[in-house]
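Here is a quick briefing for anyone opening this structure for the very first time. Have a look around, then read on.

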Amino acid sequence: MTNGSHNPILHVDFYLYNDSMEDNETNSSAGERNSPGCVQILIPQELFLALGLISLVENILVVMAIIKNRNLHSPMYYFICCLAVSDMLVSVSNVVETIFMLLNDHGLLDVHPGMLGHLDNIIDVMICSSVVSSLSFLSTIAADRYITIFYALRYHSIMTTQRATAIIVVVWLASIASSILFIVYHTDNAVIVCLVTFFFTTLVFNAVLYLHMFLLAHVHSRRIVAFNKRRRQSTSMKGAMTLTILLGVFIVCWGPFFLHLILILMCPTSPFCTCFFRNFNLFLILIICNSLIDPLIYAYRSQELRKTLQELILCSWCFGV
């Protein structure tokens with residue numbers, strides 16, 4: 001479960017805890033050559049902590065903004081709020097883990113092995129829940145935008161608040177339940193196969209919806225001109241573009257991690273794969289960056305959300321002064 005070196009033979013322990021503290025003590029260096037032709041990029045634990053805290057604050061602000069502004073009380077923003085909560089799981093797990101490791105490294109905390117095992121399981125469940133729920137809510141937002149564009153006149157009868165709430169509850173329950181099962185059976189390769197299959201299935205699902213949306217949106221917009229829905233169509237396509245950006249960032253940030261899982265199945269002992277495994281910390285930083293970038297995308301793409309975030313930050317600054 002650690003930010004230290006990674007054992008490639010272990011399976012879905014997302015943050016593997018190493019008893020060797022030498023790696024942690026040298027994390028401040030820029031890189032280290034471990035074997036001929038293989039360079040390991042080491043990340044300072046302080047960087048993990050800083051990025052985790054920034055990401056946590058950003059996503060808390062997004063959730064608060066959506067709760068505060070009644071104009072954002074719609075199914076799409078409910079799903080975005082859940083996506084922010086998924087990102088918060090990554091941030092919280094990273095911050096808690098890094099604090100424990102820093103205290104342990106400096107001799108300020110005597111951690112019992114049993115306690116580390118429980119902490120490891122909790123963090124693994126949080127990370128696994130985050131990836132499963134993130135993929136699920138990205139697909140849910142894609143379906144929501146699809147309905148908005150192609151069933152504009154029936155949208156409010158199809159995507160009601162009650163149905164949106166039911167979808168959210170089902171996604172969270174499924175994410176938590178599957179995460180617990182994944183951790184319990186983490187030594188089975190079937191767990192990795194399930195995660196990778198779920199990843200690619202959601203990507204294909206989203207790709208099909210995007211292709212249909214962007215190919216037929218122009219034709220559909222002509223059909224609803226008579227109903228004076230130009231503005232709604234424009235808003236829907238803007239939402240689809242926002243989702244496209246979110247999915248693109250997700251693929252870039254989580255892609256190396258899923259490649260890591262695939263290589264564990266295909267070539268766990270080959271020199272190339274072993275070298276790839278040694279840079280697991282870099283993949284963790286990318287995952288944290290995804291949680292940090294998502295709120296910036298929400299704010300950039302939504303003027304209403306951006307305005308509310310500015311009000312929250314201003315109010316916080318005024319109270320601080």
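Let's start with contacts, meaning heavy atoms within 4.5 Å: among those in the protein chain between residues at least 6 apart in sequence, 77% join residues at least 24 apart. This is a predicted model, where local features need pLDDT of at least 70, side-chain atom pairs count only at pLDDT 80 or more, and totals for chains, interfaces and linings use all residues. Residues are numbered from 1 along each chain as its sequence is written, and side-chain values use heavy atoms, with hydrogens and water left out.

**Overall layout**

- The protein chain has 11 helices and two strands; these are DSSP runs numbered from the N terminus, with helices being H or I of at least four residues and strands E of at least two.
- Along the sequence, the order is α-β-β-α-α-α-α-α-α-α-α-α-α.
- Of the chain's 321 residues, 50% count as buried, which is to say under 20% relative accessible area, with exposed over 50% and partly exposed in between (1.4 Å probe, protein chains only).

- The predictor's confidence in each residue is called pLDDT and runs from 0 to 100; the chain's mean is 78, and 79% of its residues reach 70 or more.
- Helix H6 (residues 161-184) has the highest mean, 91, while helix H1 (residues 22-25) has the lowest, 37.
- Over residues 1-33, pLDDT stays under 50, and the model has 96 contacts beyond four places in sequence for this stretch.
- Where pLDDT is low, predicted coordinates should not be read in detail.

- On a 1 Å grid over the protein atoms alone, a cavity is a set of points where a 1.4 Å probe fits but cannot get out, and a pocket is an open set with protein on both sides within 12 Å along at least five of seven lines; lining residues have an atom within 4 Å of a point.
- Grid points are joined across faces, edges and corners, and a volume is the space filled by probe spheres set on the points.
- The whole structure has two cavities of 30 Å³ or more, and the largest cavity comes to about 40 Å³.
- Leu83, Asp87, Ser134, Leu138, Leu246, Phe250, Asn290 and Asp294 line the largest cavity.
- The second largest pocket has a volume of about 150 Å³, and H11 gives the most to its lining, with four residues.

**Aromatic pairs**

- There are 11 aromatic pairs in the structure; rings of Phe, Tyr and Trp (its six-membered ring) pair if their centres lie within 6.5 Å, and planes under 30 degrees apart count as stacked, over 60 as edge-to-face and the rest as tilted.
- One of them is the tilted pair of phenylalanine 257 and phenylalanine 280, at 6.3 Å centre to centre and 50° between the planes.
- That pair links distant parts of the chain, with phenylalanine 257 in helix H8 and phenylalanine 280 in helix H10, 23 residues apart.
- Phenylalanine 257 is buried at a relative accessible area of 2%, and phenylalanine 280 counts as buried at 2% too.

**A closer look at valine 90**

- Valine 90 sits in helix H3 and counts as buried, at 1% relative accessibility.
- Leaving aside neighbours within four places in sequence, valine 90 contacts Ile127, Ser130, Trp254, Ile287, Ile288 and Ser291.
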